[in-house]
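Please read it alongside the sequence and the coordinates shown here.

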Amino acid sequence: MASRTHEQTPAWQQLVSWKNRIIHTLDAYFASNLVGRIYSPRFLPLIYLAICIPVVLFLVFFRQPLGNPDELSHVARAYQISRGVLLTEEASPGLHPKGMVDKAWFQLGSQVSRRRFENLQTSLPIFKRYDWAGTEELKRFNSSVYFPAAFIPQAIGLKIAQKLHLHLVQSLQLASLLNAVVSLLVIALAIHLAAGGKYIIALVGALPMTLHQIASASPDGLIAAGALLMCSLTISALIRSKVSRSTLVGVVILGAITAATKLPYAAVAVAALIALWWVEPRSAKVNIRYVIACMAMITIPLIWTMISNASAVKHSMVIQTTPSDQLAFLLSHPLEIPGIAFSTLYRLSYAYLKQMIGVLGWLDAPLPQGVYLILYFGLATTLAMEGLSLKPLLRWTFLVGLAASAAMIFVSLYLIWTPLGSLGPIEGVQGRYFLPLLPFLVFLVPKPKHLASEGLKISVFTICGLVGGLATVATIIKRYYGVAMF
């Protein structure tokens, strides 16, 4: 039988053939290129730090003070922990969570709010006049019920700053700098330890929104870094078909901390733990070990939620209902849930996608439109090149874990931030909440038949990292100094 001509070949086969040709051409180019000849994966953590450190330092010292969403609330929580107070002073059921905070921080916050759109060259000298008051007031701040572990670097920074008699802006910079140092080192360690998926870990860690959180007093940067390290440990165990004791302990600790800080991340952490259990021979001794590990990962967040009253207090001054009221409405109207979900995703999914890449400041400083296209193309390309060879059951496990975590994010914000009886959209959800879930998408992608060269991977990461970093700097300069760079 005569072979088929090109015209007789089905369209999908032609598309696959052209895709393979493009990949082969790019691989050949980068393999012959200087970058492809000298690059070694062991240098990726250093390349990551070389790209991200200058951007983070710029953000720490040149963005507006308290210019990250809810940063005043996070500073208040860090101050509370620096004073040795782990539980909020007032978190009775039905009341707004409160804590004792140096009153100068809220005076600075009011001044920043009034001068939010003023050029930083004229407003910064005014912000720098604020010093520690030395007297505390009982103030409402939502993060007062957050798990303290994610605030340790910031708390240490505030404690040192107070001892050195630094003014509030300098104190905030020191707290943010320590948070950045810890977060960047954790991400670099995650890249170094990963037996696969290094580039998706590095790229998520270099996104403008990730760096914006890292360079603030927010716990979100450290949570994202912990999620990247948890993803790295899980990938390495699956590829090597071996789970060391340190890997198991690391995943349990990271999963417990991230879930205790923000409970929705518990589902994806449990998925990672199930994957580790699947790798090991499932003897009685091993099963007992994983039962204990799972209990620790789940009970720590639940116990913290109960003792901090996080599930009982009001978080919004506008929404005069408690989470229990909201939950009762959902349970009594279950047929409304699909409509609420559709309404939310239909109206706000595009905003979530942009915010996940980076809408800086108080969500009022978007990046140039072309940057979003480049970074999403880079993410999609990197995911395609970094796919893993896994059993279908494990892929389904991670799919369920990711879907459950995402759903819990929406449910939690419906309970604490959306008016009672609302049929959508759900209020309060921001794209940055999905950053800790983003690297786990690699578990859903099959291993490519044609492996990309290291030169191609590093080139995609370097281009995306530099584009994201330069766009971040340019956006901050335009937003706070009124100078458009492009």
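Two residues are taken to touch, or to be in contact, when they have heavy atoms within 4.5 Å of each other. The model discussed here is a predicted one, and the points below are grouped by topic.

**Nonpolar core**
- The largest nonpolar core holds 139 residues, and those touching the most other members are Tyr-48, Trp-105, Val-429, Phe-434, Phe-440, Phe-443 and Phe-461.
- Trp-105, when residues up to four places away in sequence are not counted, touches Leu-72, Val-75, Trp-132, Leu-158, Leu-168, Ser-171 and Leu-172.

**Helix 7 and helix 8**
- The axes of helix 7 (residues 152–163) and helix 8 (residues 168–193) come within 8 Å and cross at roughly 145°, and the crossing is right-handed.
- Helix 7 contributes Pro-153, Gln-154, Ile-156, Gly-157, Leu-158, Ile-160 and Ala-161 to this contact, while helix 8 contributes Ser-171, Leu-174, Ala-175, Leu-178, Asn-179 and Val-182.
- By class, the residues of the contact between helix 7 and helix 8 comprise 9 nonpolar and 4 polar, with no charged residue.

**Helix 12 and helix 14**
- Helix 12 (residues 245–261) and helix 14 (residues 284–307) have axes that come within 8 Å and cross at roughly 20°, so helix 12 is roughly parallel to helix 14, and their crossing is right-handed.
- On helix 12 the contact is made by Leu-248, Val-251, Val-252, Gly-255, Ala-256, Ala-259 and Ala-260, and on helix 14 by Arg-289, Tyr-290, Ala-293, Ala-296, Met-297, Ile-300, Pro-301 and Trp-304.
- The residues of the contact between helix 12 and helix 14 divide into 13 nonpolar, 1 polar and 1 charged.

Terms used:
Residues numbered from 1 in each chain as written. Predicted model: local features only at pLDDT ≥ 70, side-chain atom pairs only at ≥ 80, totals over all residues. Heavy atoms only, no water. Core = buried A, V, L, I, M, F, W, Y, C linked by side-chain atoms within 4.5 Å. Buried < 20%, exposed > 50% of the residue type's maximum accessible area, 1.4 Å probe, protein only. Axes fitted to C-alpha atoms, helices over the stretch in contact; angles between N-to-C directions. Helix = DSSP H or I, 4+ residues; strand = E, 2+ residues; numbered from the N terminus. Left-handed = near helix turned anticlockwise from the far one by under 90°. Nonpolar A, V, L, I, M, F, W, Y, C, P; charged D, E, K, R; others polar. Parallel < 35°, antiparallel > 145°, perpendicular 65-115°, else oblique.
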